[in-house]
Amino acid sequence: MSAQQIYGACPHDCPDTCGLITEVENGRAVKLYGNPNHPVTQGWLCAKVRTYLKHVYHPDRLGYPLKRVGPKGGNQWRRITWDEALSEIAERWQAIISEYGGEAILPYSFSGTLGVVQMSVSNARFWNRLGASRLERSICGAAAKMAVEATIGARQNPPYADVLNSRLILIWGNNPVSSAPHFMPWLRDARKKGARVIVIDPYRSRTARGADWHLAPHPATDGALALGMAHVIAAENLHNENWLKAHTVGWRQFQALLKDYPPERVSAITGLSKRDIVTLARRYANTRPGLIKIADGLQRNCNGGQSVRAIAALPALTGQYGQPGGGLFYSASDAIKWDRQVLHRWEDCPPPGRVVNMNRLGAALLGEATNPPVKSLYVFGANPVASAPNTGKVIQGLQREDLFTVVHELFMTDTARYADIVLPAASQLEQTDLHKPYGHTHLAYNQQAIPPLAESKSNWETMSLLAKTMGFDDPWLHQNPDEVIEELLQTAIAKNPALLGVTLKRLKTEGFVSVEMGIPFSDLHFPTPSGKVELYSQTLAEQGLDPLPAYLPADDKEAVPPGLSIKESPPLTLLSAAAHHFTSSTFANQANLLAREGKPFVEIHPVDAAARGIRDGDVVVVENARGWCRLQAVLSDAVRPGVLASPKGRWLQLDPWAENGHGRSVNYTTSDALGDMGGQSTFHSNWVWVKTVKSEE
Ligand SMILES: Nc1nc2c(c(=O)[nH]1)N[C@H]1C(S)=C(S)[C@@H](COP(=O)(O)OP(=O)(O)OC[C@H]3O[C@@H](n4cnc5c(=O)[nH]c(N)nc54)[C@H](O)[C@@H]3O)O[C@H]1N2
Ligand SMILES: Nc1nc2c(c(=O)[nH]1)N[C@H]1C(S)=C(S)[C@@H](COP(=O)(O)OP(=O)(O)OC[C@H]3O[C@@H](n4cnc5c(=O)[nH]c(N)nc54)[C@H](O)[C@@H]3O)O[C@H]1N2
Ligand code: SF4
Ligand SMILES: [Mo]
């Protein structure tokens, strides 16, 4: 019998949302590859997903519900049935609700899958019906979302192919070689046509290594750099006064702000030379069209929102929004919108519960969330012990004896280890979903390719079972995935003519359907309150924020250990960006990918290393007032002095320097303070100190 080919979509946190083809024989997936017809995927997959069948058929996949039998975190379990698990959960929740109300239950989910059914709807309907706390989903790109929406009204980017029209591409705090690999062939072709690529990143990333010019400013000084560029552009009359008058609000106020950012001052802030700042500004203004490509790395700082606002002003200054090859490339998240009521069913639910910021998970569990306290946590599609900031606090919270924790997972992650009940989750090949990418507008259908392994279940099926056990018989909690998708499509099409012709039937037979959106803002209408680019934002002013993107220095005073003087012992800034072979902590337990990443390491500049007696290969302790971890030092000039780099995503339980079974990772040091906009995480505003440890290795 020949293998059956099934269309799918990569569910992982990545703007490319590749089209997959799975070959299935006798109920088993035997081959998986990129869809050759998919315009973004073009038949190839990244290193992480090329070996996806190892992920799906990993020997450590959880097969059955488990109940904790030893102490919390002790990893001792007893197998139970789904019925037992569901009734225990429902019983515990009913008791909690009657004593404290539904808000004492906190669902925590994020990026395990980006599917519309298995994530967007699964994290909404049931929890709203329950009256649970709502999660402020701000660990990733909340500040940039708010900044971009305040400035140009919506997150919409041009198609990848539009970069072929660019003569200059400024890749700013973004590492697409790892984080959006299917952008790279287009970038290469643009360069063949003569385009120049400039990367702005304190770290010489894989993307920076291949650029024509790499500028490495001090971390979190991007806002000042953008304003410095704008200062030079305006001073040299390279700006487009007519465009600014016609299509922006607040140009005069913005111009007045620029007086504070002459190249001398910006040089002192950023650590870049005056000459480089002036050259960069002139190149950007004179090499048109020029595209500015950002992602989320740069805004994971305490001043990240205003940095993005300052950067987003540059295409307006030069009148390049709406032009092929120009403008801002951030995200396509707002290009296609689902009906909020269909997603959430607010109208059929009790009043919305209070909001808990996910970056404050540890704090919330330890008492920051009061009235009611969080008495139960339900985690799915997320691994906060590995991926959330300030791990020490998260674990301390999870150890609370009176907290009832349920984790729905494919693997016994660091988070699942702290559960009272673990439920086995289906992988992407075992479930149905619709995917709306955040980098482009090719909607993709993921057809279930194989039956769920062992007793694993998808998120949505689990929500339906939880609803049933809690006695909720509302039909919208019990639709099958196709019914959910159909309803979302119908209501979206009614509001967005670009979606006409997108049908479930086509999605099923073709695998994906391309929605042509063209160059955003080409009609020069911006969906802001004024219809213009808002250099001055009244909306932000009304929220008590600076309506202009003035630069404020980043700091991390909470990191300073008591009694330490930062004058005598200045901190280093630790950046923990995307690992090439993992997606956050996903895949970081997979032997072939782990082998390619090597031991957990930290790159340190030879000057900083010498000052601390650190040699290449030494095991070092990276620490601050929040916590510490061990890493292997790699001496490298890929970081500038004062900066360290250690990729995110490591599992604590795989820490080679674990003591008494207790491993650590960089997130023991990262900050759970919130950024300037959107309740944003601030992973990169992280001050640490480094020392060597005596080690046998
Ligand atoms: N391989 C892989 N791909 C991924 C992910 C992954 O973990 N691995 N994660 C996915 C997720 S969750 C996301 S949100 C996206 C993120 O996509 P990106 O934003 O591209 O990824 P990051 O690596 O977080 O950050 C990009 C760069 O920002 C730099 N950076 C840090 N601080 C600053 C700063 O202050 N200024 C400037 N100019 N640059 C700075 C980092 O050094 C890094 O090289 O990627 C997605 N894709
Ligand atoms: N130090 C540092 N830490 C960071 C960042 C950083 O820059 N630096 N970046 C942050 C960013 S941008 C992000 S987006 C977050 C991501 O943080 P998380 O969203 O917590 O992502 P992961 O750690 O990959 O955990 C996802 C989990 O979901 C599980 N999963 C996958 N599919 C399914 C499914 O269908 N159902 C269920 N139930 N489970 C599933 C996977 O097995 C995996 O364990 O990490 C943040 N962490
Ligand atoms: S992680 Fe990104 S590049 Fe890799 S297969 Fe998935 S969507 Fe494609
Ligand atoms: Mo993210």
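These legends accompany an overall view and several close-up views of a predicted model.

**Figure 1. Overall view of the predicted chain, with its 25 helices and 27 strands.** The C-alpha atoms fill a box of roughly 70 × 65 × 55 Å along the principal axes. A compact globule of 697 residues would have a radius of gyration near 26 Å, and the 25 Å of this chain agrees with that expectation. Of the 697 residues, 62% count as buried, and the chain exposes about 25,700 Å², of which carbon and sulfur atoms supply 50%. Among contacts between residues at least 6 apart in sequence, 76% join residues at least 24 apart. The chain carries 70 positive and 67 negative charges, whose mean positions are 5 Å apart.

**Figure 2. The largest nonpolar core, with Trp172, Phe254 and Tyr321 as the members that touch the most others.** This core holds 61 residues, and its largest share, nine residues, comes from helix H10 (residues 222-235). Leaving aside neighbours within four places in sequence, Phe254 is in contact with Leu227, Ala230, Ala313, Leu317, Leu535, Leu548 and Pro549. A second, separate core of 52 residues includes Leu434, Met463, Phe472 and Ala492. In soluble globular proteins, nonpolar side chains tend to be buried together.

**Figure 3. Helix H17 (residues 361-368) and the elements against which its buried residues pack.** Leu361, Gly362, Ala363, Ala364 and Leu365 of this helix are buried. The strands that the buried residues of H17 pack against are S6 (105-109), S14 (355-357) and S15 (376-380), and the helices are H18 (384-387) and H19 (391-398). The loop between H17 and S15 contains Pro372, which a cis peptide bond joins to Asn371, with omega about 0°.

**Figure 4. The cis peptide bond from Arg288 to Pro289.** Omega of this bond is near -5°, and Pro289 lies in the loop between helix H14 (274-286) and strand S12 (290-294). As background to this view and to the next, most residues other than glycine have a negative phi, and most peptide bonds are trans.

**Figure 5. Ala220 and Ser584, each a residue other than glycine with a positive phi.** Phi of Ala220 is near 60°, and this alanine is placed in the loop between strand S10 (213-215) and helix H10. Ala220 counts as buried because its relative accessibility is 6%, under the 20% cut-off. Phi of Ser584 is near 45°, and this serine sits in the loop between strand S22 (572-575) and helix H24 (591-597). At 21% relative accessibility, Ser584 counts as partly exposed.

**Figure 6. Asp618 in the loop between helix H25 (606-611) and strand S24 (619-623).** With a relative accessibility of 13%, this aspartate counts as buried. When neighbours within four places in sequence are left aside, Asp618 is in contact with Gly613, Leu631, Gln632, Ala633 and Thr692.

Key:
Residues numbered from 1 in each chain as written. Chains lettered and ligands numbered in written order. Predicted model: local features only at pLDDT ≥ 70, side-chain atom pairs only at ≥ 80, totals over all residues. Heavy atoms only, no water. Helix = DSSP H or I, 4+ residues; strand = E, 2+ residues; numbered from the N terminus. Rg over C-alpha atoms; globule rule 2.2 N^0.38 Å. Buried < 20%, exposed > 50% of the residue type's maximum accessible area, 1.4 Å probe, protein only. Contact = heavy atoms within 4.5 Å. Areas by Shrake-Rupley, 256 points an atom, 1.4 Å probe, with all protein chains shown as cover. Lys, Arg positive; Asp, Glu negative; His and termini not counted. Charge placed at Lys NZ, Arg CZ, Asp CG, Glu CD. Core = buried A, V, L, I, M, F, W, Y, C linked by side-chain atoms within 4.5 Å.
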